[in-house]
Amino acid sequence: KSNIFSITNDLIRRDKKGLWISYIDLLSKGAGPEEIHGILFWQVKNMLLSSLAKSQLETGLSPFVYRTASDGAKKYTGEELKKMSSDLVSMTDKVRRGQGDLDIMLEKWILES
């Protein structure tokens, strides 16, 4: 089984094609959409947090996670990160209300990001 956290590398690099390929690969190896969604939300949240903080200590993130998130945050605007976070939260609300399938919503989000 692949390391599910590897999908965040493509998000950090802002590599849409790589992100989509990683997504499809993780699904084919048995990772669930909910698990992938959680990892992507975690990384977007960390990038947003690191972009707003003055230091690693202020975020409460480990030095490695902070450094990685900070590097990724530089490739997005603050507004893009906020929208990404909002979109990911909205997905779970829609799924809970029966308004779509998470795997399809995630794939669409990846392709439109």
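Colleague: Why are H2 and H7 called roughly antiparallel to each other?

Modeller: Keep in mind first that this is a predicted model. The angle at which H2 and H7 pack is about 160°, and their axes are 8 Å apart. Anything over 145 degrees counts as roughly antiparallel, and therefore H2 and H7 get that label. H2 also passes H7 in a left-handed crossing.

Colleague: Which residues of H2 and H7 meet there?

Modeller: From H2 you have Lys-16, Leu-19, Trp-20, Tyr-23 and Ile-24. Facing them in H7 are Leu-102, Asp-103, Leu-106, Glu-107, Ile-110, Leu-111 and Glu-112. Sorted by class, the contact of H2 with H7 has eight nonpolar, no polar and four charged residues.

Colleague: Glu-107 is on that list. What makes Glu-107 count as partly exposed?

Modeller: The relative accessibility of Glu-107 is 26%. Buried would need under 20% and exposed over 50%, so Glu-107 lands in between and counts as partly exposed. Glu-107 lies in helix H7. Leaving out neighbours within four places in sequence, Glu-107 is in contact with Trp-20, Tyr-23 and Ile-24.

Colleague: How far apart are Glu-107 and Tyr-23, in sequence and in space?

Modeller: They are 84 residues apart along the sequence, yet 7.7 Å apart in space, going from C-alpha to C-alpha.

Colleague: Which residues bring H3 and H7 into contact?

Modeller: Pro-33, Glu-34, Ile-36, His-37, Leu-40 and Val-44 in H3 meet Leu-102, Asp-103, Leu-106 and Trp-109 in H7. In this contact of H3 with H7, seven residues are nonpolar, one is polar and two are charged.

Colleague: And what makes H3 roughly antiparallel to H6?

Modeller: The axes of H3 and helix H6, which spans residues 78-96, cross at roughly 150° and come within 9 Å. With 145 degrees as the cut-off, that angle makes H3 roughly antiparallel to H6. Here, too, is a left-handed crossing. H3 contributes His-37, Leu-40, Phe-41, Val-44, Met-47, Leu-48 and Ser-51 to the contact, while H6 contributes residues including Gly-78, Leu-81, Met-84, Leu-88 and Met-91. The classes in the contact of H3 with H6 are 10 nonpolar, five polar and one charged.

Colleague: How do you know that Asn-46 is buried?

Modeller: The relative accessible area of Asn-46 is 0%. The limit for buried is under 20%, so Asn-46 qualifies. Asn-46 lies in helix H3. Not counting residues up to four places away in sequence, Asn-46 touches Leu-61, Val-65 and Ala-69.

Colleague: Why does Thr-8 count as buried?

Modeller: The value for Thr-8 is 5% relative accessibility, and that puts Thr-8 among the buried residues, the cut-off being under 20%. Thr-8 sits in helix H1, residues 7-13. Beyond residues up to four places away, Thr-8 touches Ile-39 and Gln-43.

Colleague: Stepping back, how do you know that the radius of gyration of the chain agrees with a compact globule?

Modeller: A compact globule with 113 residues would have a radius of gyration near 13 Å, and the chain has 14 Å, so the two agree. Along the principal axes, the C-alpha atoms fill a box of roughly 40 × 30 × 20 Å. Of the 113 residues, 39% are buried.

Colleague: How many helices and strands does the chain have?

Modeller: Seven helices and zero strands, giving the pattern α-α-α-α-α-α-α along the sequence. Among contacts with a separation of 6 or more, 60% are between residues 24 or more positions apart.

Terms used
Residues numbered from 1 in each chain as written. Predicted model: local features only at pLDDT ≥ 70, side-chain atom pairs only at ≥ 80, totals over all residues. Heavy atoms only, no water. Contact = heavy atoms within 4.5 Å. Helix = DSSP H or I, 4+ residues; strand = E, 2+ residues; numbered from the N terminus. Nonpolar A, V, L, I, M, F, W, Y, C, P; charged D, E, K, R; others polar. Axes fitted to C-alpha atoms, helices over the stretch in contact; angles between N-to-C directions. Parallel < 35°, antiparallel > 145°, perpendicular 65-115°, else oblique. Left-handed = near helix turned anticlockwise from the far one by under 90°. Rg over C-alpha atoms; globule rule 2.2 N^0.38 Å. Buried < 20%, exposed > 50% of the residue type's maximum accessible area, 1.4 Å probe, protein only.
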